[in-house]
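Please open the structure in your viewer and keep the selection tool at hand, as this tour goes from one selection to the next.

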Amino acid sequence: MSQTSKDFYNLSAPFRETGCILAIESSCDETSAAICRDGKILSNIIAGQKVHEQYGGVVPELASRAHIQNIIPVVDAAIKKAGCNISDIDAIAFTQSPGLIGSLLIGSQFAKSLALSLNKPLIAVHHMQAHVLANLIDDPKPSFPFLCLTVSGGHTQIVLCESPTKMKVIGETIDDAAGEAFDKTAKLLGLPYPGGPLIDKYAKDGDPNRFQFPEPQIPGLDFSFSGLKTSILYFLQNAGKSHIYKEQFLATEDEKNKFIKENLNDLCASVQQRIISILLNKLKKASIETGIKDICIAGGVSANSGLRKALEESGKKNKWNTFIPAFEYCTDNAGMIAITAYYKFLEGQFSDLTVSASARAEW
Ligand code: KG4
Ligand code: ZN
């Protein structure tokens, strides 16, 4: 590409022509397909998997089986909703990594088979980069370079995005992800999986300053959430009387459950507030260190209403331009895979049929 990325990615310019891209996402427990024509998302169909709820987390084998059942109807629905035909598809994109290998294999094999049978180009997409680029789906869009806090069930990262195909991770969690902190807290509170949305819901009627949980002191732009989880565990086992580990906890099982029941809203609000303050303090540090003021969030946890509100408030205070994807593009979805594929198409970044799914991903 001879143009500089600044000119080439003038996001206020009209979309460029790529034709119709069919994108498939199957990295975890959502089967999703989207159609993007010339940079515009025409459809984004997402099928969730209820089967995991009873197990308190995603069961990889069950996820793979559900993807097999869902993938054809989901792709079919995406094509129909976009008002096109299979013969209108000009390229096929899929999530290559990272994710659950069995789940990724269903989407990648389907995409490769379809590309082969239609004789169309194939585009392999990095799931975490796609979360970042979900911010380029709707207007207004951030200008390059921008920072993105990507917070999901498996990742917590601050990404410096120089162009749609040039990004680097400048901070990340050294243990649990933010989504895991939400989900594990929910489990301790006796709430079903995935607990993040439920904590969000109960927090709305709670006092965020009622209980104080510790903020970890991690150097640089990295995060840690495992200490917070342990502190919540001890706090509940001591029925709110202490955060400290005791060989003999101060409460019986019944007292602990009574404490949770009577204080559920305040517990959710206080934990949520601490997770948000950990995230936003590091984001602020990243903005100061890089001088970048276009700030985005992405990933499943960016659906959290407290985080969305706190980002807007921080934006006003720190003179940031803030960007948050629409809800349907926060949690796992093929729309974000499609927009990433659109930019890769413009740069001619196609894969051949030897490309394979990978549980872990390089940036
Ligand atoms: O990005 P995502 O859909 O899947 C991964 O790639 O991990 O993120 C899922 C995570 C889960 O941990 C879920 O609890 C969390 O996002 N999540 C939320 C909310 N909605 C989803 N966490 C807090 N508040 C929410 N409203
Ligand atoms: Zn994700």
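The stops below take in the two ligands and the residues around them in what is a predicted model.

Begin by selecting ligand 1 together with the 19 residues around it, among which Gly-153, Asp-183, Asp-200, Gly-300 and Asn-304 come nearest.

Next, look at individual contacts. Select Asp-183, where a polar side-chain atom lies 2.6 Å from an oxygen atom of ligand 1, and then Asn-304, whose side chain has an N or O atom 3.0 Å from a nitrogen atom of the ligand. At Gly-196 the atom to look for belongs to the backbone, and this N or O atom lies 3.3 Å from an oxygen atom of ligand 1. The protein covers 88% of the 550 Å² of accessible area that ligand 1 has on its own.

Now widen the view and select helices α4 (127–133), α5 (178–188) and α6 (196–203), each of which supplies at least two residues of the shell around ligand 1. Domain 1 (3–134 + 330–346) and domain 2 (140–324) each contribute at least three residues to that shell.

Finally, select the zinc ion (ligand 2): which protein atoms are its donors? They are NE2 of His-127, NE2 of His-131 and OD of Asp-332, lying 2.1 Å from the ion. His-127 and His-131 are about one helical turn apart, because they are 4 residues apart in helix α4.

Note on methods. Residues are numbered from 1 along each chain as its sequence is written. Chains are lettered from A and ligands numbered from 1 in the order in which they are written. This is a predicted model: local features need pLDDT of at least 70, side-chain atom pairs count only at pLDDT 80 or more; totals for chains, interfaces and linings use all residues. Side-chain values use heavy atoms; hydrogens and water are left out. A residue is near a molecule or strand if one of its heavy atoms lies within 4 Å of it. A polar contact is a pair of N or O atoms within 3.5 Å; within protein, one must be able to donate a hydrogen and the other to accept it, and residues adjacent in sequence count only if both atoms are side-chain atoms. Accessible areas come from the Shrake-Rupley method with a 1.4 Å probe; for residues, only the protein chains shown count as cover. Domain bounds come from an automatic or database domain assignment. Donors are N, O and S atoms within 2.8 Å of the metal (3.2 Å for Na, K and Ca); water is not among the atoms, so sites may look incomplete.
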